[in-house]
Every structure is written in C-alpha cells, then in structure tokens.
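Take a look at the sequence and the model below. Then follow the text through its sheets and helices.

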Amino acid sequence: MKIKALNGFKDILPDEILLWRRVEENARSVLERFHFAEVRVPVLEKTELFSRSIGADTDIVEKEMYTFVDKQITMRPEATASLMRSYIEHSMHGLRPVQRLFTIGPMFRHERPQKGRQRQFHQLDVEVLGSASPRLDAELMSLGDALFAELGVTTSLEINSLGCPACRPGYRRVLLAFIEERLDNLCEDCQRRSVRNPLRVLDCKKQGCRRQVEEAPSVIDYLCEGCSVHFTEVRRNLELLEVEYKVNKFMVRGLDYYVRTTFEFITDQLGAQSAVCAGGRYDGLIEMLGGPKIPGIGFAMGIERLVLLLKQHEEQSDKIAEIDLFIAGLGEEAADYSFKLMHELRGQGLRVAMDLDGKSLKSQMKQADRAGARYALIVGSQELADNQAPLRDMESGEQTELNLDSIASFLTDAVE
Ligand code: ATP
Ligand code: MG
C-alpha cells in the first residue's frame with residue numbers, strides 16, 4: 001500500500017522551489033532595508049500560549065489547532081504568540097527600545113483544505129515591539145506594499161480600527177443588541193459565540209451571516225478620542241507615503257488580541273481565499289503574556305497564496321541553467337577521470353554533475369539536457385590520451401575542442 005501525504009499537507013517540489021526562493025529572498029532583502037532582524041522560533045509551544053493570546057472563542061483555538069492533548073503542547077497556528085513569548089523570555093525590550101523582528105516558517109491549522117488554504121502553510125511574520133506611534137502602523141503597511149510591489153504582484157490594502165479596551169465594550173453592547181435581533185438567522189457557530197464575543201460574527205465567512213451583518217453598526221463610529229486620533233494619524237501617514245488604501249468598517253480579523261489598527265492586503269484572484277497578508281496592533285498582548293507593558297504591531301503574509309499569485313501573474317521566467325557542466329565520460333578510465341574532475345571543479349565553486357551508471361553517450365547527453373547544463377564535456381580514452389576534449393555549448397549546440405587543463409579557467413570565465 002502506498003503512503004500518501006496527509007490531506008492539506010503538501011510537498012513543495014523542485015519545479016516550484018524557485019518561486020519560493022524568490023519570495024523568501026525578496027522578503028529578506030526588503031526587510032533588511034526596513035531594518036528588521038530575523039528570528040527562528042520553535043514549531044511546538046505550550047497550548048496555553050495560543051489559547052491565552054489568540055483567544056478561546058476564535059476559530060483557530062476552538063477548532064483548528066493541532067494539539068497533543070496529553071502533553072498540552074500545540075503546533076503553532078501562527079507566529080505572533082511565539083515571537084512574543086521569545087521576546088519576553090529573552091528580555092529583548094532591555095536590548096533596544098524598539099525591536100523589529102521577522103520570522104518565516106510553517107504554521108498548522110486544521111481547516112478544510114482548498115485552493116490557497118492548507119493545513120500546513122507558511123507565513124512571513126513581521127512584528128515591531130516598543131512603539132505606539134501611528135507612523136509605525138503606516139510604515140508596516142508600506143512594508144507590505146513594498147514586498148508585493150517588488151514581486152510585481154498587485155493587491156489592495158484595506159484598513160480598520162477596532163478600538164481599545166476603553167471604547168470597545170461600548171461598541172460591543174451596541175453590536176450585541178443588533179445581533180440579538182437577528183440571532184435566528186445566524187449560523188450555529190455565531191449563535192453560540194455571539195454572546196461572549198459578538199465581533200466574531202462580523203468575521204464569519206458564511207454568506208448567510210454576512211448578509212445579516214451588512215447593516216451592523218461599525219466600530220469606527222464608537223472609537224474613543226485616543227483611538228480616533230490614532231486612526232486619523234495612520235491614514236494621514238499612509239497618504240504621506242502615498243500608500244493606497246480603503247477603509248473597511250467591518251474587518252475585525254480572527255484573533256482576539258488586536259486593538260486599534262487592523263489591515264489586510266487582499267486580492268480578487270484567489271477565489272474565496274482573498275487575504276494574502278493580514279495584521280494589526282496588539283498593544284496589550286505582551287503584558288497579557290506576562291511581559292512588560294509594551295505596545296506591538298505586526299502582520300503575517302501567506303506564502304502559498306503569494307506563490308499562487310506569482311504563478312498566475314507571469315510566465316515562468318526563462319529557464320536558467322541549473323548546472324554549469326555535465327561531464328559525459330565513456331569507458332571506465334574516462335569515468336574515473338570525470339569523477340575526479342567533477343570533484344575538483346565543485347571544489348572551485350562550479351556546479352557540476354555526471355552519470356554514475358555507465359550509460360551510453362546518447363543517454364548521457366539527454367541527462368545533460370534534462371539537468372539544465374550550460375556546457376557538456378565529452379571524454380573518452382582517446383580524449384584523455386590527447387589531453388583535449390570537445391565541449392558542447394548546450395544552448396547553441398556549438399562544439400569546441402578544449403585543452404583538459406584549461407577546463408576550470410574556461411568555465412569560471414564563462415559562467416561569471
Ligand atoms: P483566512 O481568513 O483566509 O482564513 P486568517 O484571517 O485566518 O485568513 P491570519 O491568521 O491573519 O489569516 O494569517 C495571515 C495570512 O496567512 C492570511 O492572510 C493568509 O494569507 C495566510 N493563511 C492563513 N491561513 C492559511 C491556510 N490555512 N492556508 C494558507 N494560507 C493561510
Ligand atoms: Mg482562517
């Protein structure tokens with residue numbers, strides 16, 4: 001019986017990996033310009049870290065976590081909580097007043113797999129701890145914008161403010177009253193959760209619930225003075241940087257820790273999976289996890305969705321050479337020579353491959369082609385005796401005789 005990968009868990013195969021690398025390399029280079037430092041955090045954490053931070057009534061904690069119940073540990077469904085844990089554990093606030101951190105890696109959520117929705121997926125997660133400035137909110141959104149722009153991907157930015165512990169309870173009451181009038185028309189999840197957390201209803205993806213809340217009161221109209229000023233300043237700074245955005249009064253995000261600014265970069269090209277990047281401010285989170293009273297803001301970008309967009313956006317770029325040289329050796333003596341030559345050339349930084357199974361010349365040339373070789377060197381006993389062998393340019397098919405002693409310098413010049 002064949003063993004297959006779990007549903008919602010995917011292999012990323014070599015023909016896709018170039019896109020992944022491009023996304024990751026682009027991210028690292030843009031993030032460096034924005035003065036961020038990389039952190040790698042573990043995949044497993046205590047369950048409590050997530051239930052306390054993400055919120056017990058959220059989809060993630062209620063039904064999507066991969067938890068080892070007997071050990072009370074969970075495979076991270078997102079990275080913010082882990083980064084906060086790490087920040088607190090290593091007293092990073094003492095090292096710099098403002099920490100700008102990012103991490104890239106797999107996350108795990110037990111949800112229904114669809115295009116752009118998997119059970120193991122990857123995120124680029126970006127967090128800034130230590131500043132409450134609305135400028136920072138705008139800067140982070142401009143960073144998201146830059147990450148997409150450099151890859152040639154178009155998305156649109158939607159922003160909202162969720163208020164803070166001072167003004168949200170007032171809004172909550174108004175929203176709850178609105179929802180209670182329509183309770184019978186909502187899905188089971190919403191009916192159950194609405195009393196404890198009415199904001200969750202605004203985030204429900206079911207069409208029926210969406211229709212019900214179209215006319216719901218918006219949190220924007222209930223912001224306190226502080227939150228209102230903050231939101232105005234975020235918008236002003238976005239305009240200053242000429243980052244285009246739209247206010248979406250109903251965006252609440254599926255995590256409880258957000259306060260004030262939330263935002264999403266969305267696309268209409270991935271069907272129901274419209275969010276490619278999402279984030280917000282979480283000024284109380286570090287304190288809630290036992291750390292100092294320090295504000296924070298961050299976002300997470302879904303790498304699978306970004307790769308899907310890249311695939312749709314453009315023709316695959318011209319196939320670049322995967323190796324510099326394929327050595328086709330004929331006969332035992334030439335095979336020994338080729339094996340040693342391959343070893344030496346690799347030691348000089350060249351990308352080299354050969355056939356190890358004594359295949360025919362025809363088969364070896366086919367392998368050279370499949371390997372994406374820039375050149376192929378053909379060596380038999382006669383070539384060894386003459387110390388000279390034909391080198392074929394695999395693109396043009398042109399063949400030149402080359403002194404075997406000059407192969408390294410020739411290739412080094414040619415592939416520079
Ligand atoms: P969605 O509404 O699509 O479920 P979310 O609000 O749960 O997203 P976040 O927790 O904010 O998503 O994660 C940030 C980003 O990570 C999302 O915008 C998306 O691009 C990506 N993402 C989230 N869940 C998945 C998943 N199951 N598979 C692939 N990508 C995902
Ligand atoms: Mg989700």
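The paragraphs below go through a sheet, its helices, a group of strands and some helix pairs.

This is a predicted model, where local features need pLDDT of at least 70, side-chain atom pairs count only at pLDDT 80 or more, and totals for chains, interfaces and linings use all residues. Residues are numbered from 1 along each chain as its sequence is written, chains are lettered from A and ligands numbered from 1 in the order in which they are written, and side-chain values use heavy atoms, with hydrogens and water left out.

Start with the open sheet. Five strands form it, in the order β13-β12-β14-β15-β16, with mixed pairing. Helices (H or I, at least four residues) and strands (E, at least two) are DSSP runs, numbered from the N terminus. Two strands pair if DSSP finds at least two bridges between them. The edges are β13 (352–354) and β16 (399–403), and each of them pairs on one side only. On average, neighbouring strands of this sheet are turned by 30 degrees against each other, direction ignored. Within the sheet, β12 (residues 323–329) and β14 (residues 373–379) run parallel, joined by six bridges. G329 stands opposite V379 of β14.

Two helices pack on this sheet. Helix α13 (residues 332–347) touches β12, β13 and β14, and its direction makes about 160 degrees with that of β13. Helix α14 (residues 361–370) touches β12, β14 and β15 (388–393), and its direction makes about 175 degrees with that of β12. Axes are lines fitted to C-alpha atoms, for helices over the stretch in contact, and angles run from 0 to 180 degrees between N-to-C directions.

Now zoom in on one residue. S338 lies in α13. Is S338 buried or exposed? S338 is buried, with a relative accessible area of 0%. Buried means under 20% relative accessible area, exposed over 50%, and partly exposed in between (1.4 Å probe, protein chains only). Leaving aside neighbours within four places in sequence, S338 is in contact (heavy atoms within 4.5 Å) with I327, G329, M354 and V379.

Helix α16 (residues 407–414) comes next. Its I407, A408 and L411 are buried. They cover an arc of only 95 degrees around the axis, so they are on the same side of α16. The arc is that of the directions from the helix axis to the C-beta atoms. An α-helix has 3.6 residues a turn, so residues three or four places apart point the same way. The buried residues of α16 pack against β12, α13, β14, β15 and β16.

In β9 (residues 259–266), eight of eight residues are buried. Six bridges join β9 to β7 (residues 156–161), and the two run antiparallel. N160 stands opposite T262 in β9. Six bridges also join β9 to β10 (residues 275–281), again antiparallel. There, I266 has A275 of β10 as its bridge partner.

Finish with helix α1. The axes of α1 (residues 14–33) and α12 (residues 303–313) come within 10 Å and cross at roughly 115 degrees. The two are therefore roughly perpendicular to each other. Angles under 35 degrees count as roughly parallel, over 145 as roughly antiparallel, 65 to 115 as roughly perpendicular and the rest as oblique. Residues making the contact include W20 of α1 and L306 of α12. α1 also packs with α5 (residues 134–151), at an angle of about 135 degrees and with the axes 10 Å apart. That makes α1 oblique to α5. Among the residues in this contact are R22 and V23 of α1 and L147 of α5.
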